[in-house]
Every structure is written in structure tokens, then in C-alpha cells.
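Subject: Structure handover

Hello,

Here is the structure we spoke about, with its sequence.

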Amino acid sequence: MAPGISAPRPRVRRWSWWLTLLIVTLTAIDGVASAKKPSAPEETGGKKGKEEAAVIEEVTAKQLERVLNEKDFVAVFWYARSCITCDKVLEELEKIDDDTDTFGVDFVKINDKRLAKHYGIKTFPALTYFREKEPIIYEGDLMDEEEVLDFLTSLEAMDLPDRIEEVNARILSKIVEDTDYVAVLFCPDTKTCPPNVSNKPECRKCAKALLELENIDDEADQLGIGFVKIADEELAEEYNLENLPALVYYRHQIPIIYTSELTREEDVLEWLVQNKSTGDEEDVIEDVTAKALDTLIGSVDNLVVLFYDNDDEDSMQVLGELETIDDDCDKHGIQFVKIDDNSAAKEFGIDDVPALVYFEKGIPNLYDGDLENEDEILEWLVDQLEKDEIEDVTDEMLDRLIKDGKTIAVLFYDNNERKSQHVLNELENIDDECDTLGIVFVKIDNREEAKEYGIEKLPALMYFEKGIPTTYEGNLEDEEKVLQWLDHQVNSDEIEDITDEMLDMLIDKMPHVAVLFYDKDQKKSQKVLSELENIDDECDQNGIAFVKIDNDEEAKEYGIDTLPTIVYFEKKIPHIYEGDLLREEELLAWLVHQKKHSEIPEVTDEMMDRLKEKIEFLAVFFYDKDSKQDIRILNELENIDDDLDKEGIVIVRMDNDAEAKEYGIDHLPALIYFEERLPAIYEGDLLNEDEVLQWLIEQKTSATIEEVTDEILEDLIEEHEYVVVYFSGKCEEDEACDDILEELENIDDELDEAGIIFVTTEDIQLAKKYGIRSYPTLAFFRNKDPIVFKGDLEDEDEVLAWLTDEETLEIPGRIEEVNIRMLEKIFEENEHVVVFFYEEGDKRSQKILSELENIDDECEEKDISFVKTSDEGIQKEYDLSSLPTLVFLQE
């Protein structure tokens, strides 16, 4: 322990903490100032007087909204009048109402089922904890009030992104007792530094330190280190902290004072990481989470990670051996951690655990020796510190390096090819020089990964700078020329030329990409390019990747008919620049504006088709840019763009009435919401942006059967394998047809999981086409063929059973087309499944398919399920390189 400083008094046992609380409360009521901080309700702003029983305040929806706007931490008890257990639970929770007040948590109750549903609450009673309006649903036992209090006052529950939370002395004591690692920033209190008024040096210094340290709050949290602040000079004096601000790090309640500059946040983070395990009595490799591992890889130069499984005997045997070299690794400056997380292992391409990976400045190297020979491992690790060679990486590791914006040279090679080996031997000679240039040199033996970057022939060299790829076209066996080329890439200011595969990769993986579609043989393109080279560095400084592509076909895929054209992609969403490309300063200002400000982008119909494939939640505003009313609506919708972004909903606009008509829209403006390509048309007031926002959020968060037009319905039946349609006929609210629809919405999620689309329509023209004359009627279209439900429409369980029954799904004498969800369901329910993978429109595939349908019935008799699919996603999952292909799957 540091001299002259002590930890806040620990809570030895839970009952003693409660006893202390009781004593403090009683002495406060008696008027005896025995505690430094008052804890009686009337002294801490509580709602209850001395004689009044603790009652959780009742609020309405509007009152709750006001509370959430005004308070950072709010606990909400949701109840219903018909709920039998609600009163019992409330009685228990009211026992801790005073305590939550003391901890700065406002506790209220509300009876509002509609609002509850909005927050994902379907059963009562329930408890939600809001941190700056962000809700967390409590999953524990509501009858255990102590457990609830622990949840509401825990460091994890109070934590907010990128913000160091302020605590009082009592909360600090609890946090230090309950948390193994806590960093505490002590600042002057409000007497010395009144809010927004004081210019005293210590006040300015504290404000500056806090601003810098909040940059590492999330990283500390990921590493399992809590971070809080306290403005309490009396407590600081108790701890002998002479000058404020001061940072104290509590490790297992033992304090350590940070003595360096507080405004250098990276140094502070490194110090916290280094001191996390130093001084531990046991020689134990520290367990970390996936988030903490990401932070360590980025901040620790020499890191070794054991990926293991706590339930695996081999993993535990290896762990026992490796813990004997943990101290030796510390002596060599290598930090050793372990992680029991299968998904984290898979991110690095590790399929089997235990596995050991060494990271040097973020570059991974997989150990392929004997994991139970700890001496050999230690020797290997020390050798990694001293030697320089091109590291072998997996495709997942490469993706991470590119995503992190590292400057990388990647050799795509084949370990079994003589030429690849020769090239590798030559390039090893320039590895040190690449280090000097700040280039990380890695190699990867993976042809499929090479194809993703448009590389067909190996070996090949690709250079990545801030995620932007450039391919080397020269002789790879001349290492000096390769080095000169790499040096040129590092120091040149050219806009990189990329392929269509590279462009797709960049748009998918990078948040801000500006693309010049041009023709290198066109004079105007050449002139524009020479001007735009002047702003390449500025784009780079603003975190915008700037690339160019000479590919007419790729431009047409985005609906671009005129070259040159600039398109800016923000999180995959395209924005077309309509200004003068020869005025590079205006273009730069536009790009920076697009990055900083949220505006609804204009898209072409081709762009919209691409977005429907890639964006799960998409809203499209169809309008006429020459209509003043439409522009007015557009301006209103701009007000909710940020809110939609927070909800994960992308909104774009389109001035194209022909495209709108394809969805049955005859009058503009109109708004269509797409969820996994399934459209829903908004029928409310577009000038009421709050109503639009609420409708879009409801579409995303609630299970509703979408109402569609005949045009949309025909497209759905044409494009999807399984579509259920509720033909309601003319249907008013509260009529029997509307009540049936409400009941059927209870099975929408189950059908979605089975890969079955469920929609409703009042239109009867399409119904008549299929011989449907009475309403309401439920029809199931299986690969475009309809079958009508003859049972009780008011029994949703019967409907669900019928729709998911294998006999209903099968079409006699036909091999059914399936999507990935249906294939998974069929495989779960059948021991033997035959899948015919084919290419849409391929004559050979169609010929083989017609022959295979002759044996479909025989397969069914032998309990073999026979299906077909042209889904590229499924084909990729099964790693099929050629089509058509027949695959037999069995348990």
C-alpha cells in the first residue's frame, strides 16, 4: 500500500453494510452529524419525510419522458392492474427506494402496457434501468431487493460510453469493495470549482485531465478496469492527496497513486494495464474478455494469448503448464493473457483450442509446436522478440489488420508452389527495411482470400494503406524493385486505382469512402483526376479513403451513366456529388460536410437495389425534387435522420416515379420501409416527422404482418420460395377480419425464423386471379404455387402447425426451392437430405433438374428429403466451387 493513503472502508459482509446504513440513518434523524455525507432522505433530496413510509413514485408516460430527459439514472418498475404478483414485488422494492435515492438513482413505477411494449417488455412485473435514456431490462429475481439494489448501484450498470461517471463517497466505497480494479480521478469540489465559473488553475487542470481521460474510459472498461471521478476535497484530504487533480488506482482495494502527467491519456492507459497484474501473489495468467483482448492487442507491443476452453481437459492441462512461464514472460516484457471465448478464437481463424498466438505490435503469429512443452514455448516467444521474418496470418487475422488501418504489405502465396517459396525467400531480405518504412509485412497461404481481392494468380503482392489496397504489377523476385515500389507507396500522394472486387470490399469494411468513377482514356477524366490529387492528403487526414476506378460496368451497376462522377459512401450508403469536379476545394468541403453532418442521400434505382441486399433496415422516400411540398417534407424528414441512425435504420431518397410505380405507388411523395427486402408502405402524414419516426421504429421493433400492394405481392411471390398471404378483403378496425389479423401477428416471428414471409392485403384483384372469392382467406404460395388454408383462422396455433408441416411445404412431383432458413429447418427434422445446388438460368442445371424430379417421390418414400437451391449464400457456406452439384447431407 502506498504510504499515507488508505482505501475506503471495506464492507466485510453484506449484513454489516446494512447495519452501518441503519446506524448512519438513525444518527442523521437524531440530528447528530456523525457522517461526512448525509444519508437521511430529507438531506439527500429524497421524496419521503421522516415519518412517511417509503413509496416509489407513480408516473405517467409524459412524466417518465421528462424524468428520463432530466436524470442520468432512472429505475422504472412496470406493472399491470391485473398482475397478481406486482403488489408483492412492489412491496419488496419499496424497501430500497431510500437507498437508490442515496446512490443517485431515481426510482419510479408506471402502468402503461403500450409504452412497456415499446421498450420490449411483454410480461409483468418488470424492471428497467435507464442510463441516459438507454434501457437495460433486469433479468434477476425481483423479489430479492438486495440483488436489485446491487444491480442498480453496480459500476457496470452506471457505466456510460466515453464518460467517466461522478460518484459520492458512499458509492465509491461500494465500488472499490465490489470491483477488483478501479481508477479514481479526485477533483476539487464545487466550493473550490463552481460549475462553469471558476478559472482557478487546479479547476482548469482537472477539467482538461477529465476531457483527456474520457478518451480511454471505454478501453479501461474493456480491460475490466472501472473508471470514476469524485469531487470531494475532504475525502481527498483523508487519503493524504495534497494536489488535485489526482489519480488513484485501486487494485483489490489496495491504492496506487499515478505520478505522471494526467493529460497524456495513452500513458495513463498503459500504466493501468501494466499495474493490473503486477504484484499479484499468485502466478496466474489473467483471463480477459473479447473487448479487453482487442484493446490489449492495440496497446501492448508484446502480447501472448492462450485461447482455451475451461471445460476442455487438454486446455486446462496446457494452462497449468504455461502458468509456470508467466513470470518469465513478464521479465522479457511479454504480457501473457488467456481467453475462454470460442467466437473470439474464430475471429482469428482458430477452430481448435487450446491455441497460442503471439502479437507483436498488433501483428499475430500462431504457435504450431507442442503446447505442453513450456520451455520450448518460452524459447519461441523470446526468439520472436529477436528475429525478423514475414509473419503468416489467417484470413481473419488479415481482415482485422486491414480494418484497423495498418500499413501492410501482403504476400498471397501457395506454400506448395516452388515459385511462391522462391519469392518468399527473396522478400524476407527486405522485411527489416519495411519495418523502417512503417510497413507491416505478412504472408497468407489462402487462394480463396486472394480471390476476394480479385487475385487469380499466385504469388501476388498487395499493399494496404488505411484499408486501401494497391496491387504490385512488377517482378516479385526482384526484392530491390519491390522495396522501391513500397517506398513510393508510402511517400506518394496519388489516388489509388482499384478493381471492382476491391471496391466492394472497401465499401463493406470502411465507414467513409470517396470513389471517383472515371475513364482513363477520356480527357475530362484525366483533367479532373489531376485536380483531385491535390485533396487526397486532406481526405486522408479527415478519415476518408479516396480511390478511383476505371470500370464502365461497375459504374452502371450504381446507375452512373456519366463519367467522371464522384460517389461518397458512408457506412455503405452512397451519396452522389452533383457539383463541379474541377473545383477540388468545394468537393473537399462537401466530403467533410457529408462526414460530419447527417443528410438523407439521393440514390439511383440501381443503388437502392444494392442497398436492399446489404442493409437490413432501409427506408426509401420517393419524391419529386421539383415539388415544393415534397422538398418541405424532405426537410422535415432530415430532422429524424440522426434518430434513425441510432436505431440502425438507413433512410435514402429517390426522385424516380417509375420505380415508385413498381411498388404500386401512383402518387408522390411516399415512404417505403424495407426489412430484409420485404417492403411496407407508410400511410400516415409525412409532414409529421415524429409520427414517421415512431412508425419506422415500430416496424423494426414489433412483429407486424406487413400490408402490401398487388405490385409488391406479385414481386414477393416471384422472388421468394415461401409466401403466406392473408387476403382480408375490405377490413375496418375492430371488425372480425382485423381481430384475426391481430391474432395471426403472434406467429409472425416463428414463420420468419422458418424462412416464410407473411404479408396481408385488402386488394382483391390478385386474389381473384388465384380463384379466391371469399374473405378473409389465408393462402400459402410455395414456389409460386398457392394452397388455401381450410381450418380455423382464429386459431393461430393451428395455422402455424399447418404452415410449417412438411406435407404442406411439399409440392407433389416437384423438388422444392429452399432458402437458408428452410434448409436448416429441413435438416433439423430429417436424418437424410439431398440438396441440388444449381445456377439460375443455366440450361445444364435445368436439364438435370427435370431428370431429378422423376425420383422425388421415390426419395420421399425412403424418408429422404429432396430440395434445390440457387442461393449463392448457401453455396458459399458449403464451399461449392462448381455448379450444378448434388450434395447428400445426413446426421
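Predicted model: local features only at pLDDT ≥ 70, side-chain atom pairs only at ≥ 80, totals over all residues.

Disulfides

The structure contains three disulfides. A disulfide is a covalent bond between the sulfur atoms of two cysteines.

One of them joins Cys 187 to Cys 206, with an S to S distance of 1.8 Å. Cys 187 sits in strand 7 (residues 181-187) and Cys 206 in helix 9 (residues 201-213), so this pair ties together parts that are 19 residues apart in sequence. The torsion about the S-S bond of Cys 187 and Cys 206 is about 80°, so this disulfide is right-handed. Cys 187 has a relative accessible area of 8% and is buried; Cys 206, at 7%, counts as buried too.

Helix 9 also carries Cys 203, which is linked to Cys 193 in the loop between strand 7 and helix 9, ten residues apart. The sulfur atoms of Cys 193 and Cys 203 are 1.7 Å apart. Here the torsion about the S-S bond is about -85°, so the disulfide of Cys 193 and Cys 203 is left-handed. Cys 193 and Cys 203 are both buried.

A further disulfide joins Cys 731 to Cys 737, S to S 2.0 Å. The link of Cys 731 and Cys 737 is right-handed, with 110° about the S-S bond. Cys 731 is buried at a relative accessible area of 15%, and Cys 737 is buried at 9%.

Two further cysteines

Cys 329 has 0% relative accessibility and counts as buried. Cys 539 is likewise buried, with a relative accessible area of 0%. The cut-off behind these calls is a relative accessible area under 20% for buried.

Helix 2

Which residues of helix 2 (residues 61-70) are buried? They are Leu 64, Val 67 and Leu 68. These residues cover an arc of only 95° around the axis, which puts them on the same side of helix 2.

What covers the buried residues of helix 2? The cover includes strand 2 (73-78), strand 3 (106-110), helix 5 (113-118) and strand 4 (126-131).

Regards

Methods: Residues numbered from 1 in each chain as written. Heavy atoms only, no water. Buried < 20%, exposed > 50% of the residue type's maximum accessible area, 1.4 Å probe, protein only. Helix = DSSP H or I, 4+ residues; strand = E, 2+ residues; numbered from the N terminus. Arc of directions from axis to C-beta. Contact = heavy atoms within 4.5 Å. Disulfide = S-S within 2.5 Å.
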